[in-house]
Amino acid sequence: MVCSLHKPLAMTTPTPSIRTMAESLLVSTGQAIKHGVASDDTYRYRLATCFSCEHFNHKTRRCGKCGCFMAAKARIAGDPRMLCPLHVWQR
Ligand code: SF4
């Protein structure tokens, strides 16, 4: 038996379905086209928030809920409620 504290991160943050990732990509692309690039402050805030989120996979650098690469997604300006699937981002 493996202690839950010692599970590999990939096992604790499952990859979402292809459909979920495709929908998230479409939303992100729409926000990027409409709003452009986020400021450096917003980018840093979002990454720090993801790094402390239980759904962030530190090994793959992807969100376990939407499957996006957060280093790229955090750079997209626009409505944070549409970009973070759990509405954790405040900006
Ligand atoms: S985008 Fe939201 S749900 Fe995903 S890792 Fe970041 S804070 Fe967590």
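Author: A residue is buried if 20 or more other C-beta atoms, placed from the backbone, lie within 10 Å of its own, exposed if 12 or fewer, and partly exposed in between. This is a predicted model, in which local features need pLDDT of at least 70, side-chain atom pairs count only at pLDDT 80 or more, and totals for chains, interfaces and linings use all residues. Residues are numbered from 1 along each chain as its sequence is written.

Reader: Is His-87 buried or exposed?

Author: His-87 lies in the segment after α5 (80–83), helices being DSSP runs of H or I with at least four residues and strands runs of E with at least two, numbered from the N terminus. Its phi is positive, near 60 degrees, although the residue is not glycine. Because His-87 has 10 C-beta neighbours inside 10 Å, it counts as exposed.

Reader: Where is Arg-61 found, and what is its phi?

Author: Arg-61 counts as partly exposed, because 15 C-beta neighbours lie inside 10 Å. Arg-61 is found in the loop between β1 (56–57) and β2 (62–63). For this residue, which is other than glycine, phi is positive, near 65 degrees.

Reader: Which residue follows α2?

Author: Helix α2 has 18 residues (18–35) and should span 26 Å at 1.5 Å a residue, which agrees with the 25 Å between its end C-alpha atoms. The expected span is 1.5 Å times one less than the number of residues. The residue that follows α2 has a positive phi, near 80 degrees, and is Gly-36.

Reader: How many charged residues does the shell around the ligand have?

Author: The residues surrounding the ligand include Cys-50, Cys-53, Lys-65 and Cys-84, a residue being near if its C-beta atom, placed from the backbone, lies within 6 Å. Ala, Val, Leu, Ile, Met, Phe, Trp, Tyr, Cys and Pro count as nonpolar, Asp, Glu, Lys and Arg as charged, and the others, Gly among them, as polar. By class, the shell has nine nonpolar residues, two polar and, as charged, one.
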